[in-house]
Amino acid sequence: MSFTENQIKIINDAIKNSLKNKFKNYKPETNNMPFHYRLLGKDRMALYSFMQSLVSKFGNSIFEPVAVALGKLNFIEAKSQQVSGNKISEEAQKVIQQIMDSLITGQLDSNKIHEIDQIRNVCKSGALITVKPTKVDLQLRSLDGTLILIDIKTVKPNRGNFKEYKRTLLEWVAAVLSNNPEEKIKTAIAIPYNPYEPKPYERWTAKGMLDLKEEIYVANEFWDFLGGVGAYHALLDCFEKVGIELRPEIDKYFERFRNE
């Protein structure tokens, strides 16, 4: 697929605004590094520090707003940093722990559809417990009314991370269903790009813990899910064009550190 001119403008504006907000709120490291400064220059060190900060927070700073902009093209709604709910029933909490125990010990492989059914069956059973689940990075509402909650993650999580992610996805289900047991819901994690490309993404760390068909989107799977087949490569073109357009502005921004 290819984006329309208007869609390209919407996505480019999201990328530009995200990057400019990052510049606006960026504060370089204040550590004195006399040898580095004299060897490389303060402007290059400021750029290096900025790049480290940008890469570590790319999900919140760049990917989230771009995902929202892309999601709005094909979904009824697309929002970031939403709250799934603040109550989970006692029985749902027990079911979540049982699911986690089974997955951790390898007794079962994840079957998300079945897990949602298990939680739905007890979502109102027992007292409601106040909880504070992780905020939802990307909340979508599909044309068929399904609520889709996505956690955008680092590109190289380890198996321990996936245990935390899995519990979060199940807690989101329980929190949503405690408010509306009939809600059609899907929860998943997204990994924005494949660091191993052209080799396939190494999903072995998630195998067994996550339902690989239902709970994880990697690279083009994620962006094409949001914008349609081909959206991933069209989006890369948008990033490249914005980078070229903003390069003089970026260079000028870091020139000011040269004489400090």
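Is Asp13 buried, partly exposed or exposed, and what is its relative accessible area? Asp13 is partly exposed, with a relative accessible area of 27%, where buried means under 20%, exposed over 50% and partly exposed in between, computed with a 1.4 Å probe on protein chains only. The model is predicted, so that local features need pLDDT of at least 70 and side-chain atom pairs count only at pLDDT 80 or more, while totals for chains, interfaces and linings use all residues. Residues are numbered from 1 along each chain as its sequence is written, and side-chain values use heavy atoms, with hydrogens and water left out.

**Salt bridges within helices**

- The structure holds 11 salt bridges, a salt bridge being a side-chain nitrogen of Lys or Arg within 4 Å of a carboxyl oxygen of Asp or Glu.
- In helix H5 (residues 90-104), Lys94 and Glu91 are 3 residues apart, about one turn of the helix, and their side chains form a salt bridge at 3.3 Å, N to O.
- Lys94 is partly exposed at a relative accessible area of 47%, and Glu91 is partly exposed at 29%.

**A buried pair and its network**

- Glu215 and Lys112 form a salt bridge at 2.8 Å, N to O.
- Because Glu215 lies in the loop between strand E6 (185-191) and strand E7 (216-218) and Lys112 in helix H6 (residues 112-122), the pair ties together parts that are 103 residues apart in sequence.
- Both Glu215 and Lys112 are buried, and salt bridges that share partners join Lys112, Glu115, Lys166 and Glu215 into one network.

**Packing of H1 and H9**

- H1 packs with helix H9 (residues 231-255) at an angle of about 35°, their axes lying 10 Å apart; axes are lines fitted to C-alpha atoms, for helices over the stretch in contact, and angles run from 0 to 180 degrees between N-to-C directions.
- Residues of H1 including Ile8, Ile11, Ile15 and Phe23 meet residues of H9, among them Leu235, Phe239, Val242 and Phe254, contact meaning heavy atoms within 4.5 Å.

Technical notes
Helix = DSSP H or I, 4+ residues; strand = E, 2+ residues; numbered from the N terminus.
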